[in-house]
Amino acid sequence: IQTAAKTTNKTSDVLIKTSDIITNDNNLPQSLDLTTHAAWLWSQNPQHFTIQLLGGHNLDALRSFMQKHQLQNLAYFYRTRRNGKQWFVLLHGSYTDHEKARSAIGKVPAEISKTRPWPRRFEDIHGELSSQ
């Protein structure tokens with residue numbers, strides 16, 4: 001896993017460090033392709049957790065959010081349906097249990113925490129992916 005950090009004098013602008021919050025040995029997708037990200041999601045243990053950072057109808061807006069917060073190599077996304085409409089979900093990390101995912105949320109920069117991240121089990125995400 002690549003570790004990247006934006007260095008500034010403002011602690012709220014510090015990018016999430018993978019060494020601080022990602023606790024797995026799986027490489028995150030380097031591409032912004034939905035198929036690549038879905039394959040990575042399927043490779044995760046269904047009993048493990050991830051953090052949902054953001055969801056929305058517009059994939060370009062989600063990609064812009066990733067770029068703005070320099071998350072391109074640190075986060076992943078998938079497409080699902082919500083209320084009958086296309087919906088995209090941005091996720092971060094893979095954690096062995098709920099407590100580790102909750103702890104990682106506490107390390108998210110203030111700007112990103114405004115999206116109110118929350119832990120999700122990969123089993124639920126696999127269910128959404130299989131219903132597509």
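**A close look at the sheet**

Mentor: Happy to! An open sheet is formed by 4 strands in the order E2-E3-E1-E4, with antiparallel pairing. Strand E2 (76-82) and strand E4 (118-121) are the edge strands, and each pairs on one side only. From one strand to the next, the twist averages 45°. Axes here are lines fitted to C-alpha atoms, for helices over the stretch in contact, and angles run from 0 to 180 degrees between N-to-C directions. Two strands count as paired if DSSP finds at least two bridges between them. Helices (H or I, at least four residues) and strands (E, at least two) are DSSP runs, numbered from the N terminus.

Residues are numbered from 1 along each chain as its sequence is written, and side-chain values use heavy atoms, with hydrogens and water left out.

Now to strand E1 (residues 49-56). Strand E3 (residues 85-95) runs antiparallel to E1, and 6 bridges join them. Along this pairing, Gly 55 stands opposite Val 89 in E3, and Leu 54 has Leu 90 in E3 as its bridge partner. E1 is also joined to E4 by 4 bridges, again antiparallel. There, Phe 49 has Arg 121 in E4 as its bridge partner. In general, strands of a sheet pair through backbone hydrogen bonds.

How many residues of E1 are buried? The count is 6 of 8, so E1 is largely enclosed by the rest of the structure. Buried means under 20% relative accessible area, exposed means over 50%, and partly exposed lies in between (1.4 Å probe, protein chains only).

Let us zoom in on Gln 52, which is found in strand E1. Gln 52 counts as buried because its relative accessibility is 10%. Leaving out residues up to four places away in sequence, Gln 52 touches Val 89, Leu 90, Leu 91, Pro 117, Trp 118 and Arg 120. A contact means heavy atoms within 4.5 Å. With Arg 120, the side chain of Gln 52 makes a polar contact, side chain to side chain, at 2.9 Å. A polar contact is a pair of N or O atoms within 3.5 Å; within protein, one must be able to donate a hydrogen and the other to accept it, and residues adjacent in sequence count only if both atoms are side-chain atoms.

Ala 101, Ala 104 and Ile 105 are buried in H4. Seen down the axis of H4, the buried residues fall within an arc of 105°, so they line one face of the helix. The arc is that of the directions from the helix axis to the C-beta atoms. At the start of H4, a side-chain oxygen of Asp 97 comes to within 3.1 Å of the backbone nitrogen of Glu 99.

Helix H6 (residues 122-130) lies across E1, E2, E3 and E4 and runs at about 65° to E4. Its buried residues are Phe 122, Ile 125, His 126 and Leu 129. Viewed down the axis of H6, these buried residues also fall within an arc of 105°, so they line one face of that helix.

Finally, how confident is the prediction? The average pLDDT of the protein is 77, and 73% of the residues score at least 70. That score is the predictor's confidence in each residue, from 0 to 100. Among the elements, E4 has the highest mean pLDDT (97) and helix H1 (residues 18-21) the lowest (36). Over residues 1-30 the pLDDT is below 50.

Technical notes:
This is a predicted model: local features need pLDDT of at least 70, side-chain atom pairs count only at pLDDT 80 or more; totals for chains, interfaces and linings use all residues.
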